[in-house]
Amino acid sequence: MPELPEVETVARGLQRSVAGQRILNVALGKTDFIDNPDRFESELTGRTIARVERYGKFMLLRLTAKPEACGRDLDAALLVHLGMTGALTPQLSSDAHAKHTHVVMRLGDGRELRYVDPRRFGRMAYLSGKALAEELRRFGLDPLEMSLEQFRVQIHGRKARIKALLLDQSVLRGVGNIYADESLWKAKVHPAQLGARLKPPQLATLYAELQKVLKKAIALRGSSISDFRDTEGIPGEYQQHHRAYGREGKPCFRCKTAIRRIVVAGRSSYFCPHCQPRPARRSTSRKRKSEKARTK
DNA sequence: CTCGATCCCTGGACGC
DNA sequence: TGCGTCCAGGGATCGA
């Protein structure tokens, strides 16, 4: 499932392979994941992909202005979210269409940039100017670009659980379930710990481990759990370094205790019950006792 | 402000 | 082999 490292991998691949290419035409299949499909098609046709960037879990295909735009739409972009199963890859026009191919952009050099997404949890949108700026403003800082102090400001004082905060794209952008669990395991922080209750050293460790995990995962071209592939069709290798995610019942790499799975913030959360002890919840247990006493 | 529930969608795993 | 069922999960939305 594409999170920050996987999206970075794909964005770099596309930057290498399709930057500078002109989009000659656009063919759409199912369009329920595209904002305003008609406009999408007309605006993309004839535009050139200037460069490809990552923004959180989004890819931003920056587009050059149409010749007739006369200076308008200089900051137009194709926004792509891969959802769970999306793939955006350049292919030869002679290649057979994979099942669930929903967008085909014919490029100037004869290849095709194809979007394939069985579950259609992804999103595509043509955005420019104000709409693009507004869209991007909804998200927090990139975890690889933020300082420890900026991280601290986002977490301290928050009553939400740390796992929920890490997954919240308005708190920081790009982290998903895998890298949240991996960095919490490394930092020995329980996923249900409240943000406000993280001690300064824990916060500093979590910040550092999150960056380390993300950087290493990028270097290994992401995690391939089921079907993630880079733009050349090669799986990532970071899944071989997972210490918590998907390891329910298997021994912790540090202490051999069986990894447990619980649901936090509506997501499967894998953690070591020994290394990441459940936070003592003084107030809750007291409340429970007093409630029991009252009902009796 | 934060929570859980629900929906979107398909493929894969599993039980019979 | 072929059903039915459950689960995976990012994000939007809604009600508590």
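Predicted model: local features only at pLDDT ≥ 70, side-chain atom pairs only at ≥ 80, totals over all residues.
Side-chain values use heavy atoms, with hydrogens and water left out.

Q: What makes Arg 158 a polar contact of DNA strand B?
A: A polar contact is a pair of N or O atoms within 3.5 Å (within protein, one must be able to donate a hydrogen and the other to accept it, and residues adjacent in sequence count only if both atoms are side-chain atoms). An N or O atom in the Arg 158 side chain lies 2.7 Å from a phosphate oxygen of DNA strand B, so the pair meets the cut-off.

Q: Why is Phe 121 listed among the residues that surround DNA strand B?
A: A residue is near a strand if one of its heavy atoms lies within 4 Å of it. Phe 121 is among the residues surrounding DNA strand B, as are Lys 30 and Arg 161.

Q: How do you know how many salt bridges link domain 1 and domain 2?
A: A salt bridge needs a side-chain nitrogen of Lys or Arg within 4 Å of a carboxyl oxygen of Asp or Glu, and the count between domain 1 and domain 2 is 0. Residue pairs in polar contact between these domains, both at pLDDT 80 or more, number 3.

Technical notes
Residues numbered from 1 in each chain as written. Chains lettered and ligands numbered in written order.
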